[in-house]
Amino acid sequence: MRTYHCFWLLFWAGQPHQSFLTPLSKRTSGFPEKEKVLVLSGNSRRDLHRSKRSWMWNQFFLLEEYTGTDYQYVGKLHSDQDKGDGSLKYILSGDGAGDLFIINENTGDIQATKRLDREEKPVYILRAQAINRRTGRPVEPESEFIIKIHDINDNEPMFTKDVYNASIPEMSDVGTFVVQVTATDADDPTYGNSAKVVYSILQGQPYFSVESETGIIKTALLNMDRENREQYQVVIQAKDMGGQMGGLSGTTTVNITLTDVNDNPPRFPQSTYQFRAPESTPPDSPVGRIKANDADVDENAEIEYSITEGDGYDMFGITTDKDTQEGIITVKKALDFENKNLYILKVEATNTHVDPRFLYLGPFKDSATVRIQVEDVDEPPVFSRPAYIMEVKEDVPINSVIGTVTAQDPDAAKNPVKYSVDRHTDMDRVFNINSGNGSIFTSKPLDRETLLWHNITVIAAEINNPKQSSRVPVFIKVLDVNDNAPEFAMFYETFVCENAKAEQLIQTLSAVDKDDSYSGHQFSFSLAPEAASSSNFTLQDNRDNTAGIFTRKSRYNRHEMSTYFLPVVISDNDYPIQSSTETVTIRVCACDHRGKMLSCNAEALIHPTGLSTGALIAILLCIIILLVTVVLFTALRRQRKKEPLIISKEDIRDNIVSYNDEGGGEEDTQAFDIGTLRNPEAIDDNKLRRDIVPETLFMPRRTATARDNTDVRDFINQRLKENDTDPTAPPYDSLATYAYEGNGSVAESLSSLESVTTDGDQDYDYLSDWGPRFKKLADMYGAMDSDKDS
């Protein structure tokens, strides 16, 4: 249905009077609802004063999403100055003027050229004006009006999320809040029910429900169990128009997860478990694993295992593996098949985190029986003691038995055992053992004073299986017997003054004994029988293991007897009694009136002639320094004695330079070329010899090319001059042999081979004229001539 809108624009001329604008008709709701009056005044009719002019304006209404083929009619503008003669022109400006909205400049009809969408722009503000077509001046002031787009239901509700995720604990009560979904409608909420959204559930019943107005999802079923079903997918629909027929709708998916609670107790899958453990299993070793199943997860499935009763309560233990929630049964003490071969345990599994809300479901623990069978293994022999301590007197004869060790095979077979001594603990083979009965006996004499304790190791091994062996330490203490005589505690060498008086104490003696005495040592001192009557000294036993030497007479003469040797007999009181004779050396010395020794034939007693350690070190250092000085001086003298090869011009000597190399034989065409001397231009500086390893330390010098008619003598002189000025040449003169004799020699050829070919006799007297260097040669050839003459 097309709705028509129109405005009348009225002009009044002449005398001022009051005028009103009223709408032409009220046919639709699109007609103006308000009116706007613009009042202008003037004084003279002649001046064409505008007494009162006004626009009657209102807002136009236009439906969105027009689908017709013609332009959509909006309304009509009209001025009362319009006489219908085409003298006025209507102009439209503002939002969309000329593009979206056009006006017939003759009639004032307004039309929409395109389909409009309220969701893009709901209101358009335009301005209208009537002008004189001939003068181009406005006949009325510009007036503003509004075109409002009426909404239609062209947008479906849209959820804020495509997918919702939510979770609730399992076993929740009915009506527990899960999540709230929200949908929005782009249509105008103030116009009709286009934007009124209602929620409903399409999938997820009977487990969940949704409130139609708020979109809140709640649980609708009691005691939903995660262990039965954990994931739920709910589809929610949002429909506009209040859910009425013809409304648009949108949907969303809600993924709901049930979280775990501890509503399941642990349960053993079987009531009895069987395990086997060898009796050789060491403590803290695992025997087996058991596991109670719990349908819950995470901390709700954590289990603690314990042994509640059984005959193996003290022999076995159980711990929990936190990763697998298994109970690990371990050995606490050593097992013995011969003592007990079967253990029965009762193991209990309990949840560590119990939820009080579900205690009504029963106790959250379970128990099972564990039977452990101990298996027999071939064990090594076992000694009756962990260690043995034996005692033996040091004077026992060889092959005397000092004790016995005992070991048995703990197995039921009771295999026989043989014994042996670990020789690494008895390197001297002092002891031996009977391999059959384990009796230990001596094989060498013992001496307590040399070694008090002997620590040996005895090995017991099965005869049938020597690999099954065990060891035990045996500590043997050697008991003392009185087999050592007492002796002086030190070497006694004393002196007596020449002016000594009779009965004067000159030395106190003491003694020691290597043997032990349980009641303490008691030594007795006396002079040897041969010295008791004729001695110049007496001995007094103090009865406290000491004795004193006294002078028997007054005055001694060192010139008559300079040294006395006094034999002393020392005896102990143990059984058997041991005694020894020790000698005391007494020297006769000159003393002052106070008894201080001045001199005697034993000056070493008071004037030691030895040197101190510091003095010896100083002397040794001086000797070393002296030796080093001599060596350096000798080396310098040898260095100075080296003379140059050529001392003076008169003393000319040849240097023989040895290269220690061999030529290449007949095929060697590059070792030496006499043609080079003849033709210096043929020299190739970069051409290396093939018979030796080149060792070039300096860059080769490029010499000037000799002229074609240069004589070899000039060439040699030139080379000598270059070598003298060459910085790379050796710092000494050397003989360079060029195998060229020159143009001639006064002595002609000296070859004896050529002399044989001549028929005439040779005269060698001229050799005597050549100087002392050729004297030996002149004498030799002169002697030959003498022989010929004779």
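The disulfide count for this predicted model comes to one, where a disulfide is a pair of cysteine sulfur atoms within 2.5 Å. It joins C497 to C591, with an S to S distance of 2.0 Å. The torsion about this S-S bond is about -85 degrees, so the disulfide is left-handed. C497 lies in strand 37 and C591 in strand 43, so the pair ties together parts that are 94 residues apart in sequence. Strands here are DSSP runs of E with at least two residues, numbered from the N terminus.

How do the cysteines sit? Buried means under 20% relative accessible area, exposed over 50%, and partly exposed in between, using a 1.4 Å probe and protein chains only.

| Residue | Relative accessible area | Class |
|---|---|---|
| C497 | 8% | buried |
| C591 | 13% | buried |
| C622 | 53% | exposed |

Now to the nonpolar cores. Such a core is a set of buried Ala, Val, Leu, Ile, Met, Phe, Trp, Tyr and Cys residues joined through side-chain atoms within 4.5 Å. The largest one has 27 residues, and F537, I549, V568, V584 and I586 have the most contacts inside it. Strand 43 (579-591) is one of the strands that supply at least two residues each, and strand 43 gives the most, with five residues. Apart from this core lies another, of 24 residues, including Y273 and I329.

A few reading notes: residues are numbered from 1 along each chain as its sequence is written. Local features need pLDDT of at least 70, side-chain atom pairs count only at pLDDT 80 or more, totals for chains, interfaces and linings use all residues, and side-chain values use heavy atoms, leaving out hydrogens and water.

Definitions and conventions: Helix = DSSP H or I, 4+ residues; strand = E, 2+ residues; numbered from the N terminus.
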